[in-house]
Structure formats: structure tokens, C-alpha cells
Amino acid sequence: MAKKVTKKKIFVLDTSVILFSHDSIMNFAEHDVGIPITVLEELDNFKKGNDTLNFEAREFARLLDNLAADHMLQDWIPLNGKGRGKLKVLMYSDTKTDVDAEVIFGDRKNDHKIINAALKLQKEEPGKKVILVSKDINLRLKAKSLDLSAEDYETGKIKNVDSMGTLGKSEINRVAATTIDELYKKGAVDAKKALGKVEPINNCYYILKSSKNSALSFYNPVTAQVSHVEKRSVYGIKPKNAEQAFAIHAMMNPEVKLVAITGVAGTGKTLMALASALQQRREFKQIYIARPIVPLSNKDIGYLPGDIKSKLNPYMEPLWDNLKFIQNQWKETEKENKQLTEMVNQEKVLITPLAYIRGRSLSNIYFIVDEAQNLTPHEVKTIITRAGENCKIVFTGDVHQIDTPYLDSQSNGLSYLVDRLQGQSLFAHVTLEKGERSELANIANELL
């Protein structure tokens with residue numbers, strides 16, 4: 001039987017793909033890659049600044065410069081590496097095609113120039129399949145409406161986000177009651193006795209159940225045993241369910257340096273993280289609480305009135321709400337209440353935008369990154385690589401509530417982190433499932 005010949009492809013990349021990953025051009029195997037000149041023009045607007053997007057734009061310019069070497073960019077030039085295709089800058093963004101995106105959509109937008117470049121290439125290369133690659137859903141839809149194949153950039157995407165909730169926690173039934181009794185008495189038991197045929201995962205949490213009793217536990221990679229997890233209060237905050245108890249245990253465990261807490265709104269992610277950090281205030285020099293700034297209506301915060309503090313207050317208010325809630329567990333005359341005020345005034349507890357953390361070395365820091373689902377995988381990596389001696393980092397967020405236009409539940413940094421680091425001895429992940437904010441919030445989550 002004759003071997004089926006696969007039609008070679010040419011992938012045309014949008015600006016959003018380059019800003020997501022500067023080396024994306026190297027991830028299309030043996031197929032060729034086209035970059036519309038309009039994309040280079042857009043990237044030029046991102047070259048100045050200290051944000052991740054600026055870094056990606058600059059790195060791509062350096063990569064393209066190195067690849068070009070003695071070649072002209074309007075020619076097909078080989079991409080470095082065995083089995084890779086070729087690269088070309090498409091210089092005909094203003095060339096009209098039989099199907100003109102600018103005429104059809106009635107606007108001379110850069111998006112339409114990029115589509116036109118891909119359509120022109122499609123006409124020039126009838127023997128190859130041209131595919132537009134973009135993180136912009138609307139751009140992909142426009143391309144498909146003009147009979148141009150379009151795809152999302154899939155590299156680094158998590159295949160099954162729905163399974164994330166079960167990664168860090170399992171329920172083991174039919175455990176011998178004597179084993180659970182032994183766990184309570186000794187604090188730890190042999191993994192095979194507790195888990196049976198279930199393969200243990202480092203720092204994974206287990207609810208052990210028998211016909212008579214039950215226990216909360218986790219697999220301890222240091223002792224290679226299943227250890228008991230007690231429900232403990234942290235800075236006046238008591239866990240209301242098993243998952244919150246697991247989250248507190250992970251954040252209080254000195255052997256675990258990196259924690260991911262996921263869950264929908266109202267499950268107590270940020271509250272548990274803050275309370276756990278405050279409980280360990282003497283173990284660290286400072287507690288940093290940061291979150292990415294997602295501009296309103298995609299506008300930079302510079303357009304807002306006032307100084308930098310006034311501009312950032314709307315974004316930081318949810319963090320202050322959680323701190324106030326913790327503080328209100330104590331009367332104003334009590335030591336813990338006054339202590340928290342002093343910690344904020346002395347910047348022992350510091351709430352700050354994430355952009356202000358970049359470039360710093362984080363030593364003796366308990367670092368909480370809230371709303372981490374709005375970060376790219378590269379941004380998460382950048383944060384973690386800043387970790388110095390005695391640094392603990394906690395990422396919290398809801399992977400289904402994305403506020404940035406070019407990320408989704410499969411490609412955001414929090415999902416990527418959980419998928420890649422699950423089972424590592426320094427990492428723990430817990431998904432909070434039950435809403436504890438209020439009955440009203442629970443009804444909204446379930447029915448609206």
C-alpha cells in the first residue's frame with residue numbers, strides 16, 4: 001500500500017503568539033513559518049518597558065536577527081535545528097488579494113493586514129496548506145470566515161483542565177479501621193497499608209475512609225509514609241472543610257517551597273494563604289502579596305486619574321478586604337489586631353502589583369501571588385526563578401476565570417504550573433471545591 005504523503009504546512013504567526021512566547025517560531029517541527037511585516041511593526045511598539053510582553057518582543061528581535069545572519073528576510077531562510085523548516089517575513093501586507101479582509105470587514109486594522117498576508121501566501125503556495133496561528137479568538141474567526149485555516153498556538157497547553165481538581169487530592173475507601181487508628185496514634189503509617197494499590201504521589205492529600213472512621217492524610221516524600229493531617233487554625237482562621245485543611249497544611253509545611261491553590265470564587269484561596277503567611281510571620285523577613293494588573297477595558301492604568309497609589313487601589317482592594325477580615329477576628333484591644341496594623345505600617349506585610357517584584361531576588365520572603373491564572377507560563381517561571389534562600393511562594397487563582405484576552409484555562413501560567421510540577425517533592429497543589437463565602441455566593445456559583 002502506498003504511503004500517504006502529508007501536505008507540508010506554512011504557519012503564519014500573529015503578534016499575540018510572539019508576545020506569548022518569543023521562540024514560538026521554533027515549535028512547528030518540519031513546517032515553514034511566515035511572519036507578516038505588520039507583526040514586526042506591532043512588535044516595535046512593545047520593545048520598550050519592563051513588562052513580560054516587552055521582554056518577549058525584544059528577545060524575538062534578537063532571535064530573528066541571529067537567524068537572518070547573511071540572509072534576506074524576504075527569502076525563505078532555514079531555522080536552526082535538525083528537522084526544522086524555514087522562515088520568511090511576508091512583505092506584502094498592503095498587496096490586495098481576490099478576497100480582501102480590509103474591504104470585507106470595512107476597516108484598515110493591522111489584524112486585517114495580517115489576514116491579507118496569509119491569503120496572499122495561500123495563493124502563492126497552492127501546494128502547501130497555509131494556517132494562521134493566533135491567540136486572538138476573533139482574529140481566528142475572521143480568518144475562517146474567509147476560508148483561511150486558523151488555529152490557536154497549542155504549545156504548552158494543558159490537555160485536560162477538568163482533571164486538575166483531582167490531581168492534589170484523592171479519596172481512598174475501604175481502608176482498614178485499624179490502619180486509621182494507627183495513623184491517629186502514631187501520626188504516620190506505611191503507604192501500602194493506607195493506600196493499597198494506589199501509587200503514592202509526593203505531597204498528595206488523601207481522605208482515608210473505613211466503615212467505622214476516617215482521617216485526613218498526605219504522602220510525605222521525606223519519610224515515604226502517609227502522615228496524618230490535623231485541622232489547625234492559622235491566625236484566627238479555622239478551616240471549614242477538608243480541602244481548606246489540606247491547603248493550610250501545604251502552606252505551613254516547611255519542606256514544601258511552592259504551593260498552588262486553585263478553586264472558584266468564594267472558596268477561601270486568598271484568605272487561607274494570607275492567614276497561613278501571618279501565622280509564619282516570624283519565619284520570614286517579609287510577606288509579599290502581589291497580583292497581576294489587568295487593565296480596565298484593556299487600557300493601561302496610566303489613563304486613570306491620581307498618583308500611582310490611587311491608580312492601583314482598585315486592583316489591590318480585594319487583598320485589603322481579606323487582611324481586614326483576618327484582623328477583625330480579634331478585638332481592637334487584642335495583641336493580634338494591633339500586631340497586624342504594625343506589620344502593615346512597617347511593611348512587614350507588603351501588598352504590591354506584581355510588576356514591582358520583577359528583577360528582585362526573593363530571600364527570606366513568603367510570597368503570595370493572587371489571581372495567578374492571569375499570568376503566562378513564562379511569567380510564572382520568571383517569578384519562581386527569583387526565589388532565594390528561605391523563600392516560599394504560593395500561587396492562588398481560578399483557572400476558569402481568565403481576565404486577559406490571549407490566555408485561557410489551558411494556556412495560563414497557573415494551569416501550566418500544576419501540570420508540570422505535580423509530584424515534585426518541593427511542590428503541593430490543592431483545589432478548594434466548596435464555597436465558604438456565604439450561602440448567597442454559593443447559589444450564584446451554582447445557578448447563575
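This report covers the sheet and the salt bridges of a predicted model.

## The sheet

Six strands make up an open sheet. Their order is β3-β4-β2-β1-β5-β6. The pairing is mixed. At the edges lie β3 (77-78) and β6 (149-151), each of which pairs on one side only. In general, strands of a sheet pair through backbone hydrogen bonds, and the pairing is either parallel or antiparallel.

## Strands β2 and β4

In the strand order, β2 sits between β4 and β1. Strand β4 covers residues 86-90. It runs parallel to β2, and four bridges join the two. Within this pair, Val33 stands opposite Leu87 of β4.

Helix α2, residues 37-44, packs on the sheet. The helix touches β1, β2 and β4. Its direction makes about 60° with that of β2.

## The Lys8 and Asp32 pair

The structure holds 14 salt bridges. One of them joins the side chains of Lys8 and Asp32, with an N to O distance of 3.7 Å. This pair links distant parts of the chain. Lys8 lies in the segment before β1 (9-13). Asp32 belongs to strand β2, residues 32-36.

Asp32 has a relative accessibility of 3%, so it counts as buried. Lys8 has 34%, so it counts as partly exposed.

## Asp44 and Lys47

A second example joins the side chains of Asp44 and Lys47. Their N to O distance is 3.0 Å. Asp44 falls within the residue range of helix α2 (residues 37-44). Both partners fall in one accessibility class. Asp44 is partly exposed because its relative accessible area is 42%. Lys47, at 39% relative accessibility, also counts as partly exposed.

## Glu102 and Arg108

Glu102 forms a salt bridge with Arg108. The closest N and O atoms are 3.0 Å apart. Here the accessibility classes are opposite. Glu102 has a relative accessible area of 7%, and is therefore buried. The cut-off for buried is under 20%. Arg108 has a relative accessible area of 52%, and is therefore exposed. The cut-off for exposed is over 50%.

Technical notes: Residues numbered from 1 in each chain as written. Predicted model: local features only at pLDDT ≥ 70, side-chain atom pairs only at ≥ 80, totals over all residues. Heavy atoms only, no water. Salt bridge = Lys/Arg side-chain N within 4 Å of Asp/Glu carboxyl O. Buried < 20%, exposed > 50% of the residue type's maximum accessible area, 1.4 Å probe, protein only. Pairing = 2+ DSSP bridges. Contact = heavy atoms within 4.5 Å. Axes fitted to C-alpha atoms, helices over the stretch in contact; angles between N-to-C directions.
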